[in-house]
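Reader: I'm new to this one. Could you show me how to look at its helices and pockets?

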Amino acid sequence: MKLIVIGFITGLLFGFLLQKARVVRYDKQLGALRLMDMTIIKFMFSTVLVSMVGVYLLYDLGQVDLSIKTTIMGANIIGAILFGLGWGMLGYCPGTSLGALGEGRLDALWGILGMIAGAAVFAEAYPVLKNTVYAWGDYGKITLPQVMNINHWPIILAFIVIGLVLFFWFEKKGL
């Protein structure tokens, strides 16, 4: 029960930060899709960097266990295409559509209904997908540090450096 409460609180905090960063706005979504406004990219990359440091710090301290998902290229590629098509057609990704609905924008409801319908279609199609798409490029439970046979901290440091360089470049370009 404690984890549910923590999850609920962090979800509310994340939604609050999405709203404060204005990434639930349609103009920010469109700017990201047109590569003219990197606000969403900066926000999400920042959350990924902070999460990488936090999760692996907790892991190294023995406070958490990692639950690595299986890397399946077929499912990842098809999922990315569907995600991109949905984002492009609606103008919201799943998280920002919920945030937009929370701000009272009813157009986001179409995307939320689409996500629910998509989940139902996926559940019905899963037996077929399991033997096809989920078998294409199944690499098992791997991570980048495992593939490179190095500790995770150099990878995290490299991502932080890349992020800082990108953020500096985006700001210099006015993105």
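Predicted model: local features only at pLDDT ≥ 70, side-chain atom pairs only at ≥ 80, totals over all residues.

Reader: How many residues does helix α6 have, and what span should they give?

Author: Helices here are DSSP runs (H or I, at least four residues), numbered from the N terminus. The expected span is 1.5 Å times one less than the number of residues. Helix α6, residues 108–131, has 24 residues and should span 34 Å; its end C-alpha atoms are 34 Å apart, so the two agree.

Reader: Where does α6 bend?

Author: A bend is the angle between axes fitted to the seven residues ending at a residue and the seven starting there. In α6 the bend is about 60 degrees, at Ala125, and a proline, Pro127, follows within four residues.

Reader: What lines the largest pocket?

Author: Think of a 1 Å grid over the protein atoms alone: a pocket is an open set of points with protein on both sides within 12 Å along at least five of seven lines, and lining residues have an atom within 4 Å of a point. Here 25 residues line the largest pocket, with Leu82, Phe83, Gly114, Met115 and Gly118 nearest its centre. Two or more lining residues come from each of α4, α5 and α6. The most, ten residues, come from α6.

Reader: And which helix gives the largest share to the second largest pocket?

Author: That's α3, with six residues. Both α1 (2–20) and α3 (39–60) supply at least two. Among the lining residues are Thr10, Phe14, Phe43 and Val55.

Reader: Last one: is Lys28 buried or exposed?

Author: Lys28, found in helix α2 (residues 26–33), counts as buried because its relative accessibility is 18%. Contact means heavy atoms within 4.5 Å. Beyond its neighbours within four places in sequence, Lys28 contacts Arg22, Val23, Asp37, Thr39 and Ile40. Thr39 is eleven residues from Lys28 in sequence, and their C-alpha atoms are 6.9 Å apart.

Notes
Residues numbered from 1 in each chain as written. Heavy atoms only, no water. 1 Å grid on protein atoms, 1.4 Å probe; cavity = no way out; pocket = protein on both sides within 12 Å on 5 of 7 lines; lining within 4 Å. Buried < 20%, exposed > 50% of the residue type's maximum accessible area, 1.4 Å probe, protein only.
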